[in-house]
Amino acid sequence: MRYMTLYKPGIENEMPTEKEMAAVGQLIQEMAKAGTLLLTDGLQSSSKGARVKIDSTGKFTVIDGPFTETKELVGGYAIINAKSKAEAIELTKRFLKTMGRGESEIRLMQDAPAFDAASARPSGKASQKPRGKSAARA
Amino acid sequence: MTTSDTHRAIDAVWRIESAKLIAGLTRIVRDVGLAEDLAQDALLAALEKWPESGVPDNPGAWLMATAKHRAIDTFRRTERIERKHEELGHELESLQELAVADLDAALDDDIGDDLLRLVFMSCHPVLPREARTALTLRLLGGLTTDEIARAFLVPEATVAQRIVRAKRTLSERKIPFEVPRGPELAARLSSVLEVIYLVFNEGYTATAGDDLVRPALCEDALRLGRIVAELAPEEAEVHGLVALMEIQASRLRARTDPTGKAILLLDQDRGRWDQILIRRGLSALERAEKLRGANGPYALQAAIVACHARARTGAETDWRRIASLYDALAAVTPSPVVELNRAIAVAMAFGPAEGLKILDTLTLEPSLKGYHLLPAARGDLFEKLGRFDEARTEFERAAAMTRNARERELLLERSRAHSGDSPQ
């Protein structure tokens, strides 16, 4: 199955130290070697971004960054292959341990390839059953 | 955390750590069966302790440490028995020294090398093909015997027996725990790649249907392939195989319609192709090419599927390049099926008459007798040339050969389309 993890460091505009960068680099390499990491990147400061909203009348509002609610700001993402949510959690723990702070949100991806949706093995783990829609497609 | 949460976490830790654990232990105890037993013991200990104590901060290290203690206990026990028999061998003595003095170092160093040794051992040609596959999935893929059995549609007892026998054979034949060198390496590596691709195809060609387990094999194979590619980064064909699998897998969700009916490559919605996997596949292919290994059979097949992956529409497909890649593939691994595919590519690149010339040479090929894709391809080319009578005959012949009902229907439909045409 394919999961996206969204990392929220809880702070913003703090450049990672060289040591942190090296540790993350090594972790990324290890995960790539284990065949679990498909894609990852960090996001730059929210001051370089914007928020675009639409209201019920169809009117747009554009708000330039930076944004104040730093706790909710996504600092990076990873797309990983995992056999189960439990494995995604384990892999995320390793990442957070390296980072030493913040939180990650783990989400099962919607439009995963058919084999991904199918990979939740029906071995009595009810909570890991794929959603009906994808299962029907596979 | 509830007990079942903990069990799921343990499952996950096992999935992530078991191969490294077994590889490290095999180096120490020099017996893959014993190594797996020790690792399993550690797993049992975790199942006992973690629901109470919680999952440790570094679960991998916990399992390692526990297995190490079991290993030492086993050595001591064996040593006592050996002493009793006054047969204390040198080998065991040195193993014991290693075990006590350098166990930590032995386990922590070069875990990558150990994993690669384990890959070569599991795929050793001394084992029958099914055994290699089962053992590899079990030791390196972290799959349970039950999962392997369901994926390959055989009884669990059969898989269990294959694994037991395989481990016994490895031990009896004293297969060394090492990475082969020199001239042996190429043959041994191709056995490894064959096992991985076999797993992939088992998942890839599984008919879409009720069974949701088999397609997961594609994911297992991809993961194994990526692992081996990083363990043996200098081997071009490993990257070739990974490229081939990533790109083929990128089309998984596009190749069947909602009812499960197959959609041909050129009719697929390319917007549904998985761009992440395509990107990974193309970069793996680039790695193979940089190692000047673009002439291996996997890299060539990868280069062919890459041509399709790069084309934004079917019409943009570089058929000339595909035809020349098939020329190269036919030179490396000549086979009637490669020749058939080459003919189709040549027909697309240089016109149906050119393709037909190649197909004509195959009609007497004994191994293609009963292979419905040959008359189907001929029918297609006759049709393109306006030779409808011959096309109809070929489609009918193909329909009679195929065992797939849907395919038969499609072929008969194509043959009926020309039933009113007069001969040329």
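**View 1. Overall make-up of chain B.** Among contacts in chain B between residues at least 6 apart in sequence, 60% join residues at least 24 apart; two residues are in contact if their C-beta atoms, placed from the backbone, lie within 7 Å. The model is predicted: local features need pLDDT of at least 70 and side-chain atom pairs count only at pLDDT 80 or more, whereas totals for chains, interfaces and linings use all residues. Residues are numbered from 1 along each chain as its sequence is written, and chains are lettered from A and ligands numbered from 1 in the order in which they are written. Chain B holds 20 helices and zero strands; helices (H or I, at least four residues) and strands (E, at least two) are DSSP runs, numbered from the N terminus. Of the 424 residues in chain B, 44% are buried, a residue being buried if 20 or more other C-beta atoms, placed from the backbone, lie within 10 Å of its own.

**View 2. Packing of helices H7 and H9 in chain B.** Helix H7 (residues 129-139) of chain B packs on helix H9 (residues 156-172) of chain B at an angle of about 95°, the axes being 9 Å apart. Axes are lines fitted to C-alpha atoms over the stretch in contact, and angles run from 0 to 180 degrees between N-to-C directions. H7(B) and H9(B) are therefore roughly perpendicular to each other (65 to 115 degrees). H7(B) contributes Glu130(B), Ala131(B), Ala134(B), Leu135(B) and Arg138(B) to the contact, and H9(B) contributes Val159(B), Arg162(B), Ile163(B), Arg165(B) and Ala166(B).

**View 3. Helix H10 of chain B.** Helix H10 (residues 183-204) of chain B has 22 residues and reaches 32 Å from its first C-alpha to its last, close to the 32 Å expected at 1.5 Å a residue; the expected span is 1.5 Å times one less than the number of residues. Buried residues of H10(B) include Leu189(B), Ile196(B), Phe200(B) and Tyr204(B).

**View 4. The open sheet of chain A.** Chain A has four helices and six strands. Four strands form an open, antiparallel sheet in the order E2-E5-E1-E6 (chain A), where two strands pair if DSSP finds at least two bridges between them. Strand E2 (37-42) and strand E6 (103-108) of chain A stand at the edges, each with a single partner strand, so one side of each is left without a neighbour in the sheet. E2(A) pairs with strand E5 (residues 76-81) of chain A in the antiparallel sense over five bridges, and Thr40(A) stands opposite Ala78(A) in E5(A).

Technical notes: Angles under 35 degrees count as roughly parallel, over 145 as roughly antiparallel, 65 to 115 as roughly perpendicular and the rest as oblique. A residue is buried if 20 or more other C-beta atoms lie within 10 Å of its own, exposed if 12 or fewer, and partly exposed in between; C-beta atoms are placed from the backbone.
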